[in-house]
Amino acid sequence: MLSKSLKLSFFILCMSPLLTFAQSANVIALKTEYLTNPIGLDNPNPRFTWQMDDNRTGAKQTAFRILVNTDSIALAQGKAVQWNTGWLQTSSSLKTYIGQSLKPFTKYYWRVDIADQNKVKSTKIKIASFEMGMMNGKNWQGSWISDNQNIQQKPAPYFRKTFEITKKIKSARAYITTGGLYELSLNGDKVGNHRMDPMYTRFDRRNLYVTYDVTNQVKASKNAIGVLLGNGWYNHQSTAVWDFEKAPWRNRPTFCMDLRITYTDGTTEVIKSGKDWKTALSPIIFNSIYTAEHYDARLEQKDWNTANFDDSKWKRVIYRSAPSDKIVAQALHPIRNVEEIAAKSIKKFNDTTYLFDLGRNISGVSKIKLNGPEGTVVKLKHTERLYPNGRADMSNIDVHYRPTDDKDPFQTDILILNGKGEQSFMPHFNYKGFQYVEVSLSKPLDLKKEDLVGYFMHSDVPIAGSVKASDPLIDKIYYATNNSYLSNLFGYPTDCPQREKNGWTGDAAIAIETGLYGFDAITIYEKWLADHRDEQQPNGILPSIIPTDGWGYEWGNGPDWTSTIAIIPWNIYRFYGDEKLLADCYDNIRRYVNHIDETYPTGLTSWGLGDWVPVKSVSPVELTSTCYYYADVVILAKTAKLLGKTDDFKKYTALANKIKNAFNAKYLNRTTGIYNKGLQTELSVPLFWGIVPDDMKWKVAENLAKQVEADNFHLDVGLLGTKAILNALSENGYAEVAYKVASQKTFPSWGWWIANGATTLYENWPIDAKSDISMNHIMFGEIGAWLYKAPGGIKPDENQPGFKNVILQPHFVAGLDAFEATHDGPYGKIVSSWKRTPTGISYKVVIPANSSATIKLDMIRGLDITVNGKVMPSGTFNLQAGEYVIELK
């Protein structure tokens with residue numbers, strides 16, 4: 001008798017088309033540190049990733065070799081001076097560099113050759129590159145300079161320097177780091193298309209520098225460098241409840257820069273920041289990342305950043321100490337103006353007041369063009385909602401602002417015209433959360449709808465997923481979820497783009513899977529977890545907002561929030577199959593867990609905020625926080641095993657069991673299968689985090705479904721319950737119930753927001769709530785991930801992470817006639833697409849080359865299952881890479 005596995009293998013072989021043995025696979029998507037051809041890296045052991053381009057069924061990489069050289073031509077010929085891995089017999093598509101030591105300022109080329117399932121080697125050569133940056137702080141030649149030390153001075157400073165080139169240029173790189181924000185220009189033109197550089201960090205512990213290729217902007221003649229500095233979070237002049245104006249690092253903005261030029265004769269020259277630079281105040285008379293920007297066009301100095309500008313009236317710069325002694329490369333997807341949004345409508349109240357409506361809520365800036373008399377004051381108030389009379393209403397977003405006077409209105413740019421014809425204005429060092437822009441003028445002007453546009457700004461992470469449903473409401477919910485996710489991604493995940501802009505840990509932990517299914521965001525999270533390591537106290541405590549000036553160590557930072565230190569690295573491992581972030585954070589996770597263990601020796605912890613912003617019912621903080629504590633310990637134990645730390649694995653496995661036993665002893669009624677009072681959060685959170693005993697899961701899930709039905713299939717949860725409830729139902733046999741909750745159109749639900757015009761997710765379930773009513777929050781955004789996991793059925797396999805093996809377990813729920821989810825994982829695009837037919841379900845699956853899938857359809861009973869026409873003996877089976885049509889009849 002053939003075994004079951006051999007039967008399945010036979011079926012799979014039968015359904016595979018004849019292999020074309022002469023065909024060979026190729027490689028695509030070559031990345032270094034998850035970036036395409038990056039420059040300015042500091043990591044001496046960068047990671048290489050690639051994908052196999054092969055649409056044959058069963059396509060698989062069986063071996064690879066990586067070649068690295070500084071000479072691309074020699075590399076194309078197969079010569080590898082820097083590193084040759086030799087042929088490694090593995091299907092892995094991730095490799096960390098361990099060749100000869102990499103050198104600063106050096107460009108390297110690399111290629112990867114692969115062998116396919118037939119041992120046929122790839123023939124098409126594809127070469128990628130990466131370039132090292134400073135690598136060591138001692139390699140900086142520039143000095144930290146500023147215009148003064150006065151933190152109260154309002155206007156933003158200009159800096160300039162001229163230099164002359166007489167030799168032929170081979171390449172030129174600009175390296176710049178600042179305390180604050182900057183815009184860099186060469187010969188009058190802005191360098192790059194980034195916004196809000198460098199990314200926000202704890203400035204007195206770590207600063208980021210950015211590298212630009214400026215080869216084409218440096219002239220073989222006289223040149224000028226221009227630098228404009230903004231305050232950012234470094235010199236926070238606006239006053240709010242978080243006390244950023246009292247930050248220990250606070251100072252007047254400063255920068256350090258090296259412009260490194262390599263000539264064709266092999267020599268190099270560095271134009272650097274120093275005492276020979278000149279400075280003056282700019283027309284930006286005030287800038288605050290928290291409130292807005294004020295610009296007086298009458299103060300413009302035309303061509304200030306060009307070579308022939310007369311700077312004789314400009315002042316000398318001063319030297320400054322570095323904000324920190326750790327300056328590292330900013331190796332991540334930058335913030336950009338990603339999308340231009342035309343105004344949908346304009347409303348004129350009178351000759352001096354207009355309201356522009358973008359038609360959707362965004363994070364970013366507006367840009368206005370207008371022509372008016374000199375001295376005309378233009379105020380642009382940005383809000384998310386309107387008063388009944390149609391005027392801009394910001395009462396929902398300025399609640400935490402504590403201004404000392406009326407000179408810094410919230411989210412209100414101020415422009416003073418110079419009277420020299422049409423001019424445009426867009427803030428340099430600020431962004432906002434808004435849909436409406438109310439423009440008020442000190443003198444009558446005629447404005448048209450085309451005079452104002454919005455720019456959706458966020459970290460420009462590549463799109464990695466898509467969802468499409470037969471129910472338009474689901475598509476709208478997914479669209480709103482993504483808008484809120486991106487609106488809160490600015491080099492770190494934030495809670496909202498208007499009221500706070502803070503890196504609330506709890507919001508980011510809830511949204512991590514939504515982010516990773518939809519976007520290739522690993523570079524942002526790796527940067528943010530470095531911020532975690534900067535902020536952690538020696539005893540393991542983390543603040544509730546990261547980065548922070550010190551606020552948040554005393555409030556909001558229990559395990560239900562600051563479990564980001566464990567949950568995010570673990571999810572990066574699940575989605576990318578990369579252990580690096582877990583290894584980098586291992587000691588931090590361990591110290592965090594040890595602190596809770598020492599503080600709460602019973603295994604139960606009441607440290608935390610609890611189920612934040614609930615609909616109506618309130619669950620015990622101890623119940624939810626202990627579940628998160630348990631999750632942290634489980635992740636720590638798994639990571640210890642992964643990293644070969646055997647003693648730690650045993651220790652934390654025992655601690656996890658202790659927590660689980662203590663929790664169930666207190667909260668679980670084994671007779672009824674109910675936790676505590678049986679509220680939605682009280683049942684779903686233990687189910688989701690796996691703390692429910694195996695023999696009780698069915699009973700607890702049944703009780704959860706009954707409770708949801710008793711609540712008329714509507715939500716009765718807060719933040720933590722929202723993360724858990726849909727998953728707890730779908731993963732335990734109640735996918736239909738979960739979908740009923742997800743697709744509701746009446747209060748309280750995601751659909752209720754959509755029915756009331758939402759294009760983003762809100763902070764509170766009632767749209768007329770008196771507090772906690774930001775209209776662009778990501779904290780209720782788990783529904784985005786759930787759409788991939790439940791109706792889409794796409795899940796990473798923890799035993800073969802990074803979607804090396806894909807779990808495909810879609811739920812064909814009533815209420816949907818069709819559903820499609822796609823995800824671009826490390827091996828390529830996964831497609832899970834189903835639709836109802838007159839006889840059953842047609843399910844299309846695409847499994848990328850060099851991966852596999854486990855199909856789980858056991859919950860579908862009474863239907864025959866065929867794969868590409870072949871009958872399957874069971875509802876769970878494995879498939880090789882390829883395209884399949886699975887019919888359920």
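Which residue forms a salt bridge with Lys 31?

## Salt bridges

The partner of Lys 31 is Asp 520, and their closest N and O atoms are 3.3 Å apart. A salt bridge is here a side-chain nitrogen of Lys or Arg within 4 Å of a carboxyl oxygen of Asp or Glu. The pair connects distant parts of the chain, 489 residues apart: Lys 31 belongs to strand S1 (residues 26-32), and Asp 520 to the loop between H4 and helix H5 (522-535). Helices (H or I, at least four residues) and strands (E, at least two) are DSSP runs, numbered from the N terminus. The structure holds 46 salt bridges.

## Basis of the model

This is a predicted model, in which local features need pLDDT of at least 70 and side-chain atom pairs count only at pLDDT 80 or more, while totals for chains, interfaces and linings use all residues. Residues are numbered from 1 along each chain as its sequence is written, and side-chain values use heavy atoms, with hydrogens and water left out.

## Domains

The protein chain is divided into domain 1 (26-132), domain 2 (140-284 + 301-332), domain 3 (336-459), domain 4 (465-790) and domain 5 (818-888). These bounds come from an automatic or database domain assignment.

## The interface of domain 2 and domain 3

Between the C-alpha centres of domain 2 and domain 3 the distance is 29 Å. Each side gives residues to the contact (heavy atoms within 4.5 Å): 16 residues from domain 2 and 16 residues from domain 3. Together the two domains bury about 1300 Å², of which 61% is on carbon and sulfur atoms. Buried area is the accessible area (1.4 Å probe) that two parts lose on being put together, summed over both. Arg 195, Met 196 and Thr 239 account for 44% of the area that domain 2 buries against domain 3, more than any other three residues.

The count of salt bridges between domain 2 and domain 3 is zero, whereas seven residue pairs are in polar contact across the interface (both at pLDDT 80 or more). A polar contact is a pair of N or O atoms within 3.5 Å; within protein, one must be able to donate a hydrogen and the other to accept it, and residues adjacent in sequence count only if both atoms are side-chain atoms. On the side of domain 2 that touches domain 3, strand S11 (181-186) and strand S14 (222-230) each supply at least two residues.

## An aromatic pair

The whole structure contains 53 aromatic pairs, defined as rings of Phe, Tyr and Trp (its six-membered ring) whose centres lie within 6.5 Å; planes under 30 degrees apart count as stacked, over 60 as edge-to-face and the rest as tilted. Tyr 517 lies in helix H4 (residues 505-518) and Tyr 788 in helix H16 (residues 782-789), so the pair ties together parts 271 residues apart in sequence.
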